[in-house]
Amino acid sequence: MAKQVIYLDNAATTAVSKTALEAMLPYLAEQYGNPSSVYSVGREAKAGLEKAREQMAKALGCNPREIYFCGCGSEADNWAIKGAAYAGRKKGKTKIVTSCFEHHAVLHTCKALEKEGFEVVYLPVDAEGIVCMDAFYEAVDETCAVVSVMYANNEIGTIQPIGEMAAYCKEKKVLFHTDAVQAVGHLPIHLQGSGIDLLSLSGHKFHAPKGVGALYIRGGVLLPNLIEGGAQERSRRAGTENVAGIVGMGAALTEAVASMEENSSKMKKLQDKLIDGLLQIEHTRLNGSRTKRLPGNANVSFEGIEGESLLLMLDMNGICASSGSACTSGSLDPSHVLLSIGLTHEVAHGSLRLSLSENTTEEEIDRVLEVVPQVVERLRSMSPLWEKIKNSEN
Ligand SMILES: *Cc1c(COP(=O)(O)O)cnc(C)c1O
């Protein structure tokens, strides 16, 4: 029998829920029609698609016509930022404001736009992992094509003052985009009247399958089309739709929103226990605000060890975790997020991200709190860096 794993990497991806899977199955079997066709199997697929759009809109507090399905969160981020940038340039607006600790889907998009002549301002974040609002107010003006700040950070889980930023952008007539991939399905969001113009989301972060996402485009906001072709997604993103994936996403988000309060209080309890337990280990710090934080995120740094070795040893104990973001694994650069909150390279290298889901159990957290201290001690006993830290204490 396969060893039972303790999966604590839900910020990287989540398991497809039973609800999402069951909603999808008919669309992978008998309801295989093309939603653009006129006959009955096509109409059934179309009905599934439009029901999902209504479910998404209801969950997010917007109009179904403002939901545009696409392939993933990265695609939504690219579309929103490039689209808003090009639309802005036509009106002479060539500045983009973002933060320095965004997901690479945003940061690399901004880098690409810099090469095309846009000026990009990367707002700093404070030691708690919250975007500096002084810098925000200084940077945002009428020359901005778009401001893009993430709703919640994927590595340290910190929640940003999105409402305040969106309101100011509205006042300055600047488009406001938020990468809400970590927030949707986990935090209450009501788009209508929020001042948010563009919002990216991704199904696989809330128990829908991988390879399906959406961009909310507020009614009246004109973005260039992402893919030219057929009339799908009101001609803005052509291509035959991933009907099953979209149906799964509608079902998953509906379920996530309906059980959000219950899930979040359950996760917060386990999160508290986990963070308190990890902080018992000497020379350990919590990364990111303790309070302005997603309910499932714990991110800590252990001085004197290497995160990569820690992950390998946790894996041997059946614990799936992350040392930063999945996108940077394989590279030895420390996480840009951890550096942005002021960690040194050495401390950033000794970091661990554990991200819970509503299916995480207290037994699993107990097991983690048994294994992690042992593994940290073992790694420290072999670490010259740790010896130096201990010596400098005496
Ligand atoms: C996962 C993630 C993305 C990318 O979403 P994909 O669907 O995997 O492309 C973008 N931004 C944030 C904050 C994420 O956590």
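## Glu75, tucked into helix 3

Glu75 is buried, with a relative accessible area of 18%; buried means under 20%, exposed over 50%, and partly exposed in between, using a 1.4 Å probe and protein chains only. This residue sits in helix 3, which runs over residues 73–89. Helices here are DSSP runs of H or I with at least four residues, strands are runs of E with at least two, and both are numbered from the N terminus.

Which residues is Glu75 in contact with, leaving aside its neighbours within four places in sequence? They are Cys70, Leu226 and Arg237, where contact means heavy atoms within 4.5 Å.

## What you're looking at

This is a predicted model, so local features need pLDDT of at least 70 and side-chain atom pairs count only at pLDDT 80 or more, while totals for chains, interfaces and linings use all residues. Residues are numbered from 1 along each chain as its sequence is written, and side-chain values use heavy atoms, with hydrogens and water left out.

## Around the ligand

Helix 3 turns up again here: it gives the most to the shell around the ligand, with 3 residues. In total 13 residues surround the ligand, and the closest are Ser74, Asp179, Gln182, Ser202 and Lys205; a residue makes the list if one of its heavy atoms lies within 4 Å. The shell divides into 3 nonpolar, 7 polar and 3 charged residues. Asp, Glu, Lys and Arg count as charged, Ala, Val, Leu, Ile, Met, Phe, Trp, Tyr, Cys and Pro as nonpolar, and the others, Gly among them, as polar.

Now for some atom pairs. A polar side-chain atom of Asp179 lies 2.7 Å from a nitrogen atom of the ligand. On the oxygen side, a ligand oxygen is 2.6 Å from an N or O atom in the side chain of Ser202, and a ligand oxygen is 2.9 Å from an N or O atom in the side chain of His204. The protein covers 90% of the 380 Å² of accessible area that the ligand has on its own, by the Shrake-Rupley method with a 1.4 Å probe.

## Arg234, out in a loop

Arg234 belongs to the loop between strand 8 (213–217) and helix 7 (243–258). At 45% relative accessibility, Arg234 counts as partly exposed.

Leaving aside its neighbours within four places in sequence, Arg234 is in contact with Arg65 and Tyr68. Arg234 and Tyr68 are 166 residues apart along the chain, yet their C-alpha atoms are separated by 8.4 Å.

Technical notes:
Polar contact = N/O pair within 3.5 Å; in protein donor to acceptor, adjacent residues only side chain to side chain.
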